[in-house]
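Here is a briefing on one protein model. Keep the sequence and the coordinates open while reading.

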Amino acid sequence: MCLQAGDLLVQPLTRQRTPWRAELCALVAIAAPNALTAAARSGLDLSNTAVLGRLRTADGKTTALYLDAASLAALWVNLTIASLGRGCGGATAVLTSQAFGAGNMRLVGTWLLTGLLFFTAAAVVLIGLWGVSPFLLGAAVHDHDAAALAGRYAQLSMPSALPAMWMWALAAWLIAQRMAFPEVGRRQHRPCRAQLAPHLPRLV
């Protein structure tokens, strides 16, 4: 049987991924690890709150001092980290995504090193703020006992300022390249080295 011009050819439909499905899959691939990380952090905060709420004074009386101090310390530490980290992290993510989309892998590595430089400067500011936390919180809060404990916690957290800032920079850099799984701490040492290798040697 010969088909003439104008005959309707009916071919079986092939299952293809539509653009909205591709976007949804990309969104889930990035959002799911971040949601898992946020849920783990929330669970840690919940367990800490449950333990702190049951602490008692030396004479066995119930008190809300430790819970108040922990809440104040978490508010102060998270506020200062977010204030410094979101600005630098947003800039690193935007610039890295533009370079990655253009296929300029050398510039992708350059933005990583630039982000680490600015995040290091932010960590210095953060350490300074946490160092004077007892004075700042004591002037802002009427409960001086809670302010003293919260300030002490912030001072003990000073060594974690630089790793926290660098983690934020690296997370923004990875997310900009749609590499979401290394952020949640999966042990993918070889893939991470393979992904970083094309960027860093060119900068030496």
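Helices (H or I, at least four residues) and strands (E, at least two) are DSSP runs, numbered from the N terminus. Just after H6, Arg178 takes a positive phi of about 65 degrees. This is a predicted model: local features need pLDDT of at least 70, side-chain atom pairs count only at pLDDT 80 or more, and totals for chains, interfaces and linings use all residues. Residues are numbered from 1 along each chain as its sequence is written, and side-chain values use heavy atoms, with hydrogens and water left out.

**Overall make-up**

- The protein has 7 helices and 0 strands.
- Along the sequence, the pattern reads α-α-α-α-α-α-α.
- Of its 204 residues, 22% count as buried. Buried means under 20% relative accessible area, exposed over 50%, and partly exposed in between (1.4 Å probe, protein chains only).
- The accessible surface comes to about 13800 Å². Carbon and sulfur atoms hold 66% of that surface. Accessible areas come from the Shrake-Rupley method with a 1.4 Å probe; for residues, only the protein chains shown count as cover.
- Contact means heavy atoms within 4.5 Å. Among contacts between residues at least 6 apart in sequence, 71% join residues at least 24 apart.

**Helix H6 and what follows**

- H6 covers residues 161–176, which is 16 residues. From first C-alpha to last, H6 reaches 23 Å, close to the 22 Å expected at 1.5 Å a residue. The expected span is 1.5 Å times one less than the number of residues.
- The buried residues in H6 are Ala161, Met165, Ala169, Ala171, Ala172, Trp173, Leu174 and Ala176.
- Trp173 sits in H6. Trp173 counts as buried because its relative accessible area is 0%.
- Trp173 and Val108 are 65 residues apart along the chain, yet their C-alpha atoms are separated by 8.4 Å.
- Gly101 belongs to helix H2. Gly101 counts as exposed because its relative accessibility is 65%.
- Ala29 is placed in helix H1 (residues 19–52). Ala29 counts as partly exposed because its relative accessible area is 35%.

**Helix H3**

- H3 has 27 residues. H3 reaches 39 Å from first C-alpha to last, close to the 39 Å expected at 1.5 Å a residue.
- Its buried residues are Val108, Gly109, Leu112, Gly115, Phe119, Ala122, Ala123, Leu126 and Trp130. They pack against H2, H4, H5 and H6.
- Phe118 is also in H3. Phe118 counts as exposed because its relative accessibility is 52%.
- Phe118 and Met165 are 47 residues apart in sequence and 9.3 Å apart in space, C-alpha to C-alpha.

**Nonpolar cores**

- A nonpolar core is a set of buried Ala, Val, Leu, Ile, Met, Phe, Trp, Tyr and Cys residues joined through side-chain atoms within 4.5 Å.
- The largest nonpolar core has 17 residues. Trp76, Val77, Ile81, Leu126, Trp130, Leu137 and Met165 touch the most other members.
- At least two residues of this core come from each of helix H2 (65–101), helix H3 (105–131), helix H5 (144–156) and H6.
- Apart from this core lies another, of 5 residues, including Ala99, Val108, Trp173 and Leu174.
- Ile81 touches Arg86, Leu126, Trp130, Met165 and Trp168, not counting residues up to four places away in sequence.

**Nonpolar surface patch**

- Val125, Leu129, Val132, Phe135 and Leu136 make a nonpolar surface patch of about 430 Å².
- Patches are made of residues with over 30% relative accessible area and no salt bridge; like charges are joined within 9 Å, nonpolar side chains (Val, Leu, Ile, Met, Phe, Trp, Tyr) within 5 Å. A salt bridge is a side-chain nitrogen of Lys or Arg within 4 Å of a carboxyl oxygen of Asp or Glu.
- H3 and helix H4 (133–140) each supply at least two residues of the nonpolar patch.
- Val125 is found in H3. Val125 counts as partly exposed because its relative accessible area is 45%.
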